[in-house]
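Dear colleague,

Please find the structure below, followed by a summary of what was found in it. I would be grateful if you would read the two side by side.

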Amino acid sequence: MADQYAQLDWDEQGLPSSRQYDDVYFSRENGLEETRYVFLDNNDLPRRFAALQPGEQLVVGETGFGTGMNFLCAWQLFDEQAPAGARLHFVSVEKHPLSEADLQRALALWPSLRRYSAQLLAAYRCLNPGFQRLVFDEGRVVLTLMIGDALAMLPHLDARIDAWFLDGFAPSKNPEMWTPELFAQLARLSAPGTTLGTFTATGYVRRGLIEAGFSMKRVPGLGKKWEVMCGAFTGQASNQAKPWFARPNQDHQERRALVIGAGLAGCATAASLAKRGWQVTVLERHGAAAQEASGNPQGVLYLKLSAHGTALSRLIVDGFGYTRRLLERLHKGQDWDDCGVLQLAFDERETQRQAKLAAAFPTTLLRSLDRQQAEVQAGIGLTSGGLFYPDAGWVHPPALCAQLLDHPAIRLQCHQEALALEHFDGQWQALSGREILAVAPVVVICSAADTLRFEQSAHLPLKRIRGQISRLPASPRSTRLSTVVCAEGYVAPVRQGEHTLGASFNFDSDDLTPSSAEHASNLDLLREISSDLAEGLDADNLDPATLQGRAAFRCTSPDYLPIIGPLADAEQFATAYAVLARDARQVPPIPCPWQQGLYINSGHGSRGLITAPLSGELIAAWLENEPLPVPRDVAEGCHPNRFMLRQLIRKG
């Protein structure tokens, strides 16, 4: 797949137009005024923003993000009108996003929006195909950009839209953005009273929207534009989610949550909830956060992808972008580095796999390098070329955890190990023996494989895998390593005078004492990656027994997808949906027996740096009834109920 960016031409006034669609991005005469009239005023947003209460949100959906001008104008109006504590969610789809350079040039045309456009530009990176979530103003404004064809993306969106901006290129230039199929998706995502504004007054567009359930009317346009349209949805709200994947019916008057575990998943969950006004207590059995699998000196943003668009592969691409945008706030060189990651094509099977990936993804995400190019990129001798991910790199996970916990609404309580949970009088109690450690109406279990100690989550099929990393002192020669290099293991460039090397996989050991045997195994991984680097580090003369390192347990699920979402009562679930054992196609109209206010975020395996931060947003979306930050089928693929569902169906 070639680069995904829009191809722009710039006229003598410095205004952009699309080469793909031979159309302008905004009015040459009065772009800002037209946006405010057609989309903000015709959706009654000035009044609706001002009427929001603290804790409430308004969700805008848009077809055609373009230069982001509509988003920025909506954000500016929201900033001026909405009370503190209210939130704006803006969900937009764009097949051909602008490059960062083109976006910067386009937004320079609107100096009155500079306060907002500067923040958009700072976050405008790693926007690969899929759902890309950008968070602004400490969580007050959230942008979910769906990068891809509108009709391929909208069916996967799980959201309830309050106001639509229909702003694709003109129907005559881009008819695919104005079809009955697309209008049906708008209707699916709408509720009675959802409003709509669009610049076009074309007859077949109006008729198509009316057919889909919108009441539409033509209204006077602005400037040279004679007419535009606005309207509202008058059809029936649809709910197509199966009951076991439906959102729990909940009203969190008391926005307090308890998170169990201060690893990456727990810290991310706490951060996402705190940004939404929740008071969060994090219980951690150790003396500080990030003491187990999240405590390694260097973790790698390792994108193990599939060319077949699996749920896991799409989660990885979406999560990678979200994590990378978070990392920009850390100290580069000390806490993270976007030095790139090189995955070596170390055998024929891997070579073929990488060729398929190179054909499936844009070169902005990954590109193939031959051996000579790879050696130049890495700064060391290699036995093969491979795939290079230019935006990836390494992270110091404890620094990321500390950043996520750095919020006045988060309280970290260390040396407090929750051994049981009890629900009493609408509140969850975290217990250590008879001692009540904390109480809250909502609990999110983020305690890796120790999730199984709680009666309410003991049915989940989590397993532990021991992993050990080795720390190698850098040498003058090894400092030439300029990118992370991966084969069966990985080695990272120097951080604070050391390289991190690893990591072993051991399914059979419960001992977390670093072993010399696994240090020796890691040195073998190093030789397979690069004999040149191994020689530069004098690996043959290193005594594995003297090496420094650390071991920790990864926690993973049988299908390698994390487990994220609300928890149901296992026994009641089996009874409610027993009919599935006889006929898997049945959808009994029985509400899921949720354990009210109980959620889980676990099973991230060796991909936690990529999947755990976004999982916090997914938990918050479940709790707050927000647009999901991932495609619906990916959220269902991560749902805790999937295992009980499969078990029932297998019985049939």
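**Domains and annotations**

The protein chain is assigned domain 1 (8–233), domain 2 (255–292 + 399–462 + 558–576 + 594–639) and domain 3 (341–390 + 467–554); such bounds come from an automatic or database domain assignment. The centres of domain 1 and domain 3, taken over C-alpha atoms, are separated by 44 Å.

Please note that this is a predicted model, in which local features need pLDDT of at least 70 and side-chain atom pairs count only at pLDDT 80 or more, while totals for chains, interfaces and linings use all residues. Residues are numbered from 1 along each chain as its sequence is written, and side-chain values use heavy atoms, with hydrogens and water left out.

Helices (H or I, at least four residues) and strands (E, at least two) are DSSP runs, numbered from the N terminus. Over residues 257–622 the chain is 27% helix and 26% strand, with the end C-alpha atoms 13 Å apart.

Which residues of helix α5 (residues 114–123) are buried? They are Tyr116, Ser117, Leu120, Leu121 and Ala123, where buried means under 20% relative accessible area, exposed over 50%, and partly exposed in between (1.4 Å probe, protein chains only). Seen down the axis of α5, these buried residues fall within an arc of 165 degrees, so they line one face of the helix; the arc is that of the directions from the helix axis to the C-beta atoms. An α-helix has 3.6 residues a turn, so residues three or four places apart point the same way. On the other side of α5, Arg114 and Arg115 are exposed. The buried residues of α5 pack against α3 (69–81), α4 (100–107), β6 (130–136), β7 (141–147) and α10 (311–327), contact being heavy atoms within 4.5 Å.

In α4, the buried residues are Asp102, Leu103, Ala106 and Leu107. They fall within an arc of 125 degrees when seen down the axis of α4, so they line one face of the helix. Their cover includes β1, β2, α3 and α5.

**Sheets and strands**

Strands β1-β2-β3, in that order, form an open sheet with antiparallel pairing; two strands pair if DSSP finds at least two bridges between them. Its edge strands are β1 (8–10) and β3 (23–24), each pairing on one side only. Strand β2 (residues 16–18) pairs with β3 in the antiparallel sense over 2 bridges, and Ser18 stands opposite Asp23 in β3.

Another open sheet, also antiparallel, has the order β21-β22-β23. Here the edge strands are β21 (420–424) and β23 (435–440). Strand β22 (residues 427–432) is joined to β21 by 5 bridges and runs antiparallel to it, with Glu422 opposite Gln429 in β22.

Finally, 6 of the 6 residues of strand β30 (residues 563–568) are buried, so β30 is largely enclosed by the rest of the structure. This strand is joined by 5 bridges to the antiparallel strand β31 (residues 594–602), and Ile563 stands opposite Ser602 in β31.

With kind regards
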